[in-house]
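The following note is intended to accompany a first reading of the structure. Please keep the sequence and the model in view while working through the numbered points.

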Amino acid sequence: MTAPVATVLLVFGRGVTTAGGRHALTPAGAARVSAAIDYVHAHRDAFAVAAAPLVVFSGGWAEASQGAPRPPEGHREADLMLAEALAAGLSAHAELKIECRSRSTLENLLHTVEDGLLAGHAFGPGHPLGLVSHAWHLPRIRFLARKVLGLRGAALLDVPAAGGEPAARRERALHLASRLWFLGVTDPARLLRRERAMVASLRRRATG
């Protein structure tokens, strides 16, 4: 049996750097765009016959949790990811959309749904939603995708990026904390409130 191909991808940002007034993707963020581009090119035949191939780039400014100011319009994570994808010719194979308001992985998913970027698509084992990020990040994305999208197992397909940075040291703690703080919660507003309380708690522990 041929493994299913995800012809709808959701790409997660990994921050923006600023130097000399110029905004750029972090190396890890650029690696995630490259992973999406490589995946589409590797499966171009499937994308060519898909009813509505789509790549969504999601990310605003992850550094907001550290108090970083909002990047100017056109220079947020998703804007910069889209620019790289366009330069690589990805629009010839899929429709490209962006969500550039989010400041966390949870918000990536919530705002993607709120903005209707996945509207008209039904996901399942035969038509999975591709999640593009680093392997160390994907377990938490899957957990949150179940909360927000109601998707699990084979309805999600991992598209791991390589390079850019080593595994984030805080990721395991964030994943475990998310499972505790979000236990039994699926309402978007409650999820956001729980996330903000969780981040504040983790920050106090780190500085206490």
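1. Contact means heavy atoms within 4.5 Å. Among the contacts in the protein with a separation of 6 or more, residues 24 or more positions apart account for 73%.

2. This is a predicted model, in which local features need pLDDT of at least 70 and side-chain atom pairs count only at pLDDT 80 or more, while totals for chains, interfaces and linings use all residues. Residues are numbered from 1 along each chain as its sequence is written, and side-chain values use heavy atoms, leaving out hydrogens and water.

3. The protein has 7 helices and 7 strands; these are DSSP runs, numbered from the N terminus (helices: H or I, at least four residues; strands: E, at least two). Along the sequence the pattern reads β-β-β-α-α-β-α-β-α-β-α-β-α-α. The radius of gyration, taken over C-alpha atoms, is 17 Å, close to the 17 Å that the globule rule gives for 208 residues, so the protein is as compact as a globular protein of that length. The globule rule is 2.2 Å times the number of residues to the power 0.38.

4. An open sheet of 5 strands shows the order β5-β4-β1-β6-β7, with parallel pairing. Two strands pair if DSSP finds at least two bridges between them. At the edges lie β5 and β7 (156-161), each of which pairs on one side only. Strands β1 and β4 run parallel and are joined by 5 bridges; phenylalanine 12 has serine 58 in β4 as its bridge partner.

5. Buried means under 20% relative accessible area, exposed over 50%, and partly exposed in between (1.4 Å probe, protein chains only). Leaving aside neighbours within four places in sequence, valine 56 is in contact with Leu9, Leu10, Val11, Lys97, Thr112, Leu117 and Leu118.

6. Helix α4 (residues 105-114) is largely enclosed by the rest of the structure, because 8 of its 10 residues are buried. These buried residues include Leu106, Leu109 and Leu110. The buried residues of α4 pack against β1 (8-12), β4, β5 (95-99), α5 (138-149) and α7 (188-207). After α4 comes glycine 116, with a positive phi near 70 degrees.

7. Of the 208 residues of the protein, 47% count as buried.
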